Amino acid sequence: MNWTFFHKLGSPKWFYEISGKWLPWLAILAALMMATGLTWGLLFTPPDYLQGNSYRIIFLHVPTAFLASAIYVSMAIAGAVTLIWRIKLADMALKCMAPIGTSFCFLALLTGAIWGKPTWGTWWVWDARLTSMLILLFLYFGVIALRGAIRSATTQARACAILTLVGVVNIPIIKFSVQWWNTLHQGSTLKLTEKPSMAPEMLWPLLISIAAFYLFFTVVLIIRLRTEILDRERRTKWVRNAVEAGARS
Amino acid sequence: MNPVRKQRLLLILLLIAGVGVAVALALFALKENINHYYSPAQIVSGEAPIGQKIRGGGVVVPGSLKRDPNGLTVTFNVSDGEGEVEVEYTGILPDLFREGQGIVGTGKLDEKRRFIAEELLAKHDENYMPPEVQHAIDKAHKPGANAEGAQ
């Protein structure tokens, strides 16, 4: 198999150049979809038959919760690439994704608590879904803290990659917790194999919001990653040239 | 892929599999503790201990809700289709609490196997729909819904 493309993708210089071209378009698309999804969801969808208007937090809660797990899986993949191929860019991506994932995980827990108070009657229960999500937040903290505790860049990369990979076991637990245990948290509304158990006029804004949050994440990741690349490659000629060109314009 | 990388990939897969098995065994061992949840049928059959703090839950039986006129105390029956238990609770009920809706509570059983709830939570399902759709469904299923309620 030809791995040239893969190695090219791992080149910080190539990524810096190509992502600079994508970034504005991705940012515009993310902003448009976020505005559409959230305005539609929060203002124009009908209220729920049981919960009334309080269910509208779903348009924030579900996308943030999705991303909290999805970013962790991406970090684990980046960690595996770091360990197997020793690609620097993968480690940079892992480092840049961690704080974004932490924020989404925190938001998912927060919006869930705000919704839980009126709906269930409590801010928090030690239910399998909520607890496994809290463990995910601590895993994120752990990955960030571990990097801060180590000085050498190569050791940082390996240690964080291994910790992320160990923690990935939690992801299927989060996903299936609502099926394996008798949780207070309801089952999944969006299913891969069956029809979603949600009326279409509520489902569409939700799907748009989810896509918008994914795009938003990509945009934030690219911005962080570009800064990280410039910082770590600051001794190379192309970075000096790029910075000088930027200073002149 | 060269042999060194293949070996590293294998090590990573072994690591994840190892941790996965360890966590699965731990969760399996803790299964009882995570839950200690009793269904109405288990409470009726005497499986649930009396006087100990347990979790229980079921669907609120339509027509069984009685409010104490002098306080916040409510009593109602919950059922899982196989058994029915009387629940007593003093406090503010969650928004979603209504007859026919699922609830989960923490509390103790008294000698008469009544569930004295300290905390009462409404369980929500994964279905979301506008009120008009629910009205339409109710209308279409009116005879069926009554038959279900009588069971």
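Modeller: Before we talk helices: a crossing is left-handed if the near helix is turned anticlockwise from the far one by less than a right angle, and right-handed if clockwise. This is a predicted model, so local features need pLDDT of at least 70 and side-chain atom pairs 80 or more, while totals for chains, interfaces and linings use all residues. Residues count from 1 along each chain as written, and chains are lettered from A and ligands numbered from 1 in the order written.

Colleague: So which way do α4(A) and α8(A) cross?

Modeller: Right-handed. Their axes (lines fitted to C-alpha atoms over the stretch in contact, with angles from 0 to 180 degrees between N-to-C directions) come within 9 Å and cross at roughly 135°.

Colleague: What makes α4(A) and α8(A) oblique?

Modeller: Angles under 35 degrees are roughly parallel, over 145 roughly antiparallel, 65 to 115 roughly perpendicular, and the rest oblique. The angle here is roughly 135°, so the pair counts as oblique.

Colleague: Which residues make that contact?

Modeller: Among them are A:Met92, A:Ala93 and A:Ile100 of α4(A), and A:Phe217, A:Leu221 and A:Arg232 of α8(A). Contact needs C-beta atoms, placed from the backbone, within 7 Å. The residues split into ten nonpolar, no polar and four charged (Ala, Val, Leu, Ile, Met, Phe, Trp, Tyr, Cys and Pro are nonpolar; Asp, Glu, Lys and Arg charged; the others, Gly among them, polar).

Colleague: How do you know that chain A is helical, and how many helices and strands does it have?

Modeller: Nine helices and zero strands, going by DSSP runs numbered from the N terminus (H or I, at least four residues, for helices; E, at least two, for strands).

Colleague: Which residues touch the most other members of the largest nonpolar core?

Modeller: A:Ala68, A:Ala93 and A:Leu94, out of 80 residues. Helix α3 (residues 58-85) of chain A gives the most to this core, with 15 residues. A core here is a set of buried Ala, Val, Leu, Ile, Met, Phe, Trp, Tyr and Cys joined through C-beta atoms within 7 Å.

Colleague: And how many residues does each chain put into the contact between A and B?

Modeller: Chain A puts in 34 and chain B 30. The side of chain A that touches chain B has 22 nonpolar, ten polar and two charged residues.

Notes
Buried ≥ 20, exposed ≤ 12 C-beta atoms within 10 Å, placed from the backbone. Contact = placed C-beta atoms within 7 Å.
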